[in-house]
Amino acid sequence: MVKILTYEQIDQQQWQELVLSSTTATWFQTDEAYRFYLSVGGMQAFASGVTDEGRLVGVVVGYITHKRNPIKQFFTRRAIIYGGPLLAEDISATALAALLKAVKAMGNGQWAIGEENNRQSPIANRPIYIESRNFHDYSNWKSVFEANGFAYQPHLNIQVTCDETHTLSEQR
């Protein structure tokens, strides 16, 4: 049975194990990232998880932000899932769909996590869109994302080696 979890309901040990085992893991999907987002002014943190048969198989950690300008503030509210969702390799389409629906519900102002004292509460600044800034390949789950209203927008990724063996003098 698939179950959506609030931040308070996520088993911390299972979360840590998922971070260590998932190929989509980055620091941005950890409890530490969530608590960091809570500490930053102007951001509203959120976190949600999904279990399948009692095992944590997915976590979304993100924040809602906007421009500080009072006029632009209304038009720039966005939910950012930095690094993309944290997913178990064997997450079912049903579990992932449930997690994505929970994220969309948060975006619709139905629930939020990350207010004072980590209580569940409505979002005061509903985002106008949700952006998942993926750091890994999510193509295995593309059809589930699309079936749940998410559109894939490819971007140019450039990786530059920055180790000590490449110096300016070698490039001349």
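Tutor: Of the 172 residues of the chain, 42% count as buried, where buried means under 20% relative accessible area, exposed over 50% and partly exposed in between, with a 1.4 Å probe and protein chains only. This is a predicted model, in which local features need pLDDT of at least 70 and side-chain atom pairs count only at pLDDT 80 or more, while totals for chains, interfaces and linings use all residues. Residues are numbered from 1 along each chain as its sequence is written, and side-chain values use heavy atoms, with hydrogens and water left out.

Student: How many helices and strands does the chain have?

Tutor: Helices (H or I, at least four residues) and strands (E, at least two) are DSSP runs numbered from the N terminus. Here there are six helices and six strands, and along the sequence they follow the pattern β-α-α-β-β-α-β-β-α-β-α-α.

Student: Which residues touch the most other members of the largest nonpolar core?

Tutor: In soluble globular proteins, nonpolar side chains tend to be buried together. A nonpolar core is a set of buried Ala, Val, Leu, Ile, Met, Phe, Trp, Tyr and Cys residues joined through side-chain atoms within 4.5 Å. The largest one here has 39 residues, of which W15, V59, I91 and L96 touch the most other members. Among the elements that each supply at least two residues of this core are α1 (12-21), β3 (55-65) and α4 (93-107). Contact means heavy atoms within 4.5 Å, and, not counting residues up to four places away in sequence, W15 touches residues including Y7, L56, V59 and L86.

Student: Is N148 buried or exposed?

Tutor: N148 is found in the loop between α5 and α6 (168-171), and it counts as buried because its relative accessibility is 9%. The side chain of N148 reaches the backbone oxygen of V144 at 2.8 Å. Leaving out residues up to four places away in sequence, N148 touches A97, L100, K101 and K104.

Student: What does T23 contact, leaving aside its neighbours within four places in sequence?

Tutor: T23, in the loop between α1 and α2, is in contact with E89 and H136 when those neighbours are set aside. A polar contact is a pair of N or O atoms within 3.5 Å; within protein, one must be able to donate a hydrogen and the other to accept it, and residues adjacent in sequence count only if both atoms are side-chain atoms. The side chains of T23 and E89 make such a contact at 2.3 Å.
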